[in-house]
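I opened my notebook for a friendly first look at a new structure. Here is what I looked up, step by step.

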Amino acid sequence: MKHVVIQSISSIILYVLMAFLFSSFLSDVSTIIETDRFEIEFNLLPLLLLVGFFIIWTIYSFKTRPNQNLSFGQWSVRMTEFSEVDEREQIITAKATKAAYVSFGITVPLLMASFMFYPLFENALPAYPIYALASTLIISTLVYMTTWIRAYTH
């Protein structure tokens, strides 16, 4: 259970850092478009945070992987949150995946509806689409994690 919680929280942190990186890039690009000159400015803080977190997360995940026989190449293409050591965990993972899929199916249409009003607050929140997309991933991951924990403890 601990492995699923850590991987889920790490995924959420990764989504937040990626949204921060892309929104930072969006604000830099809009500044460049408003001026008549061609210049590129980029805030390195979000990129450095993302790369640093990714390196730490990858090392931790590889060192604590359940199947120590897998090479880095085999391990790196698998979803490590899907813990299926025995039949019980396979059933729990199936329930959690279904709950996450349902939450995604509810969240996406609601956020799509909010885009109808986006022109009204576009100047106040220019990066809203980026954060809306990240929030769908975050909500689905939270639902997966909480469903997995609840099913595992019962």
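**Entry 1, the whole protein.** I noted at the start that this is a predicted model. I counted 6 helices and 0 strands, and along the sequence I read the pattern α-α-α-α-α-α. I then checked burial and found that buried residues make up 32% of the 154 residues. For contacts between residues at least 6 apart in sequence, I saw that 72% join residues at least 24 apart.

I listed its buried residues, among them Tyr128, Ala132, Ile138, Thr141, Tyr144, Met145 and Trp148. I also jotted down a reminder: an α-helix has 3.6 residues a turn, so residues three or four places apart point the same way.

I picked Thr141, which sits in helix α6. Why does Thr141 count as buried? Its relative accessible area is 11%, and the cut-off for buried is under 20%. Leaving aside residues up to four places away in sequence, I found that Thr141 touches Ser8, Ser11, Ile12 and Tyr15.

I looked at how helix α4 (residues 87-114) packs with α6: the angle is about 150° and the axes are 8 Å apart. That makes α4 roughly antiparallel to α6. I noted that their crossing is right-handed. By class, I recorded 15 nonpolar, 10 polar and 3 charged residues in the contact of α4 with α6.

Conventions:
Residues numbered from 1 in each chain as written. Predicted model: local features only at pLDDT ≥ 70, side-chain atom pairs only at ≥ 80, totals over all residues. Heavy atoms only, no water. Buried < 20%, exposed > 50% of the residue type's maximum accessible area, 1.4 Å probe, protein only. Helix = DSSP H or I, 4+ residues; strand = E, 2+ residues; numbered from the N terminus. Contact = heavy atoms within 4.5 Å. Axes fitted to C-alpha atoms, helices over the stretch in contact; angles between N-to-C directions. Parallel < 35°, antiparallel > 145°, perpendicular 65-115°, else oblique. Left-handed = near helix turned anticlockwise from the far one by under 90°. Nonpolar A, V, L, I, M, F, W, Y, C, P; charged D, E, K, R; others polar.
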